Amino acid sequence: MDKGSYSFSLGNTTSKGVIPTTGLDRYNVKLAAESKLHHNWTTGFSGNFVNSKITKQTTANDGVLATVYGAPPSYDLAGILYHDVNDPYSQNTFRSTSSFNAAYWAVNNNSFTERTNRFFGNAYVNYSTKFGTDNHSLNVKYQLGEDAYNTIYTNIWGYGSSNSSGEIQEYSYTINETNSLFTVMYNWNINEE
């Protein structure tokens, strides 16, 4: 009779976004184990830890594409300096009256980061038995699960941004959820049919 089993895994995902300076870095660790304490008793757990960092740019009305779509194909966004030569805080866009940030100016001066640490997993104990002439079985299981994470958002609008004179915002969310599940399953095999 096998007494138990376990598994351990590490993972990493690195992805670059279509827009320069954007992307995802994620690291994850998983550990799971199961042990047979007795002929009728089994216990086990599974735990996952994930650390991720997402770097992004704004969307909608503040999005970097607002000036890209507004410029004609003949306007060389990558070749024309995105700020005044004598003033790096004064943007140079196709439409000088634009209320949007120049795409390359935004990429080089604005930063939006989302950092998350998350743990989720569960532990359980299980009792199973057969009785009668082995045509009756009973399975009783109790599980306790946890899902906890913290996400920190950091938004940096560079000095000279179209919607502010420069601003840093930081806020976070912390969520902790515990789940408990108790199940009883009774099986009666009345006959082979």
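The legends below accompany several close-up views of a predicted model.

A note before we start: residues are numbered from 1 along each chain as its sequence is written, and side-chain values use heavy atoms, with hydrogens and water left out. Because the model is predicted, local features need pLDDT of at least 70 and side-chain atom pairs count only at pLDDT 80 or more, while totals for chains, interfaces and linings use all residues.

**View 1. An open sheet of 6 strands has the order 1-2-3-6-7-8, with antiparallel pairing.** Strands here are DSSP runs of E with at least two residues, numbered from the N terminus, and two of them pair if DSSP finds at least two bridges between them. Strand 1 (4-16) and strand 8 (167-188) are at the edges with a single partner strand each, so one side of each has no neighbour in the sheet. From one strand to the next, the twist averages 5°, where axes are lines fitted to C-alpha atoms and angles run from 0 to 180 degrees between N-to-C directions.

**View 2. Strand 1 meets strand 2 (residues 23-36) in an antiparallel pairing over 13 bridges.** To find your way along this pairing, look for Gly4 opposite Ser35, Ser7 with its bridge partner Ala32, and Asn12 opposite Tyr27. The two strands form a hairpin with 6 residues between them, and Thr21 in the turn has a positive phi of about 70°.

**View 3. Strand 2 also runs antiparallel to strand 3, joined by 14 bridges.** Leu24 in this view stands opposite Ile54 of strand 3. Here too the strands form a hairpin, with 4 residues between them.

**View 4. Glu114 and Lys56 meet through their side chains in a salt bridge, 2.7 Å from N to O.** The term covers a side-chain nitrogen of Lys or Arg within 4 Å of a carboxyl oxygen of Asp or Glu, and by this rule the count comes to 2. Glu114 belongs to strand 6 (residues 111-131) and Lys56 to strand 3 (residues 41-56), so to speak distant parts of the chain, 58 residues apart. Glu114 is buried at 18% relative accessible area, whereas Lys56 is partly exposed at 30%; buried means under 20%, exposed over 50% and partly exposed in between, with a 1.4 Å probe and protein chains only.

**View 5. Arg118 forms a salt bridge with Asp147, their closest N and O atoms being 2.7 Å apart.** Since Arg118 lies in strand 6 and Asp147 in strand 7 (residues 136-157), the pair ties together parts that are 29 residues apart in sequence. Arg118 counts as partly exposed, at 32% relative accessibility.

**View 6. Ring pairs link Tyr153, Tyr171 and Tyr173 into a cluster.** Rings of Phe, Tyr and Trp (its six-membered ring) pair if their centres lie within 6.5 Å; planes under 30 degrees apart count as stacked, over 60 as edge-to-face and the rest as tilted. The count of aromatic pairs comes to 7. Tyr153 and Tyr171 are stacked, at 5.0 Å centre to centre with 20° between the planes. Tyr153 is buried at 19% relative accessible area, and Tyr171 is partly exposed at 39%. Tyr171 and Tyr173 pair edge-to-face, at 6.3 Å centre to centre and 90° between the planes; Tyr173 is partly exposed, at 47%.

**View 7. Lys141 lies over the face of Tyr124, at 4.6 Å from the ring centre.** A charge sits over a ring if NZ of Lys or CZ of Arg is within 6 Å of the ring centre and within 35 degrees of the ring normal.
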